[in-house]
Amino acid sequence: MKLPVIKHLLEFIEQNDADFVLESIETLEALTEVSSLKDEELDVIGELISNMYGAIEVDKLIKDGAPKKDALNNFMKRVLGSIDK
């Protein structure tokens, strides 16, 4: 996950709606079923999906009352903590 990408997606969600991102996730997930995709292409799609889910999660934290900066920091700490284990 890349914090700059998540921040950009979060701005998109704030200006538009999270439903656009959720529909994009569904589209990308459907694309992963194409049998002719190379591993590198699947990796890129997977990275996009994980960043989109990250932005959705941060958006939920903000809507639950967390300041934007805290929501981003706490989310990334949680992600990095799960990678270390």
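**Salt bridges and their surroundings**

Analyst: E57 has a relative accessible area of 26% and is therefore partly exposed; buried means under 20% relative accessible area, exposed over 50%, and partly exposed in between, with a 1.4 Å probe and protein chains only. The model is predicted, so local features need pLDDT of at least 70 and side-chain atom pairs count only at pLDDT 80 or more, while totals for chains, interfaces and linings use all residues. Residues are numbered from 1 along each chain as its sequence is written, and side-chain values use heavy atoms, with hydrogens and water left out.

A salt bridge is a side-chain nitrogen of Lys or Arg within 4 Å of a carboxyl oxygen of Asp or Glu. There are three salt bridges by this rule.

E57 takes part in one of them, with R78, at 3.5 Å from N to O. This pair links distant parts of the chain, for R78 lies in helix α4 and E57 in helix α3, 21 residues apart. Helices here are DSSP runs (H or I, at least four residues), numbered from the N terminus. R78 is partly exposed, at 46% relative accessibility.

A further salt bridge joins K68 to E14, whose closest N and O atoms are 3.6 Å apart. K68 belongs to helix α4 and E14 to helix α1, so the pair ties together parts that are 54 residues apart in sequence. K68 counts as partly exposed at 32% relative accessibility, and E14 is partly exposed at 44%.

D59 and K63 form another, with 3.1 Å between the closest N and O atoms. Both lie in helix α3, four residues apart, which means that about one helical turn separates them. D59 counts as buried at 8% relative accessibility, whereas K63 counts as exposed at 63%.

A nonpolar core is a set of buried Ala, Val, Leu, Ile, Met, Phe, Trp, Tyr and Cys residues joined through side-chain atoms within 4.5 Å. The largest such core has 19 residues, and those with the most contacts inside it are I6, I13, V21, M52, V58 and F75. α1, α2, α3 and α4 (68-84) are the elements that give two or more residues to this core. α3 supplies the largest share, six residues.

V21 is in contact (heavy atoms within 4.5 Å) with F12, I13, M52 and I56, leaving aside its neighbours within four places in sequence.
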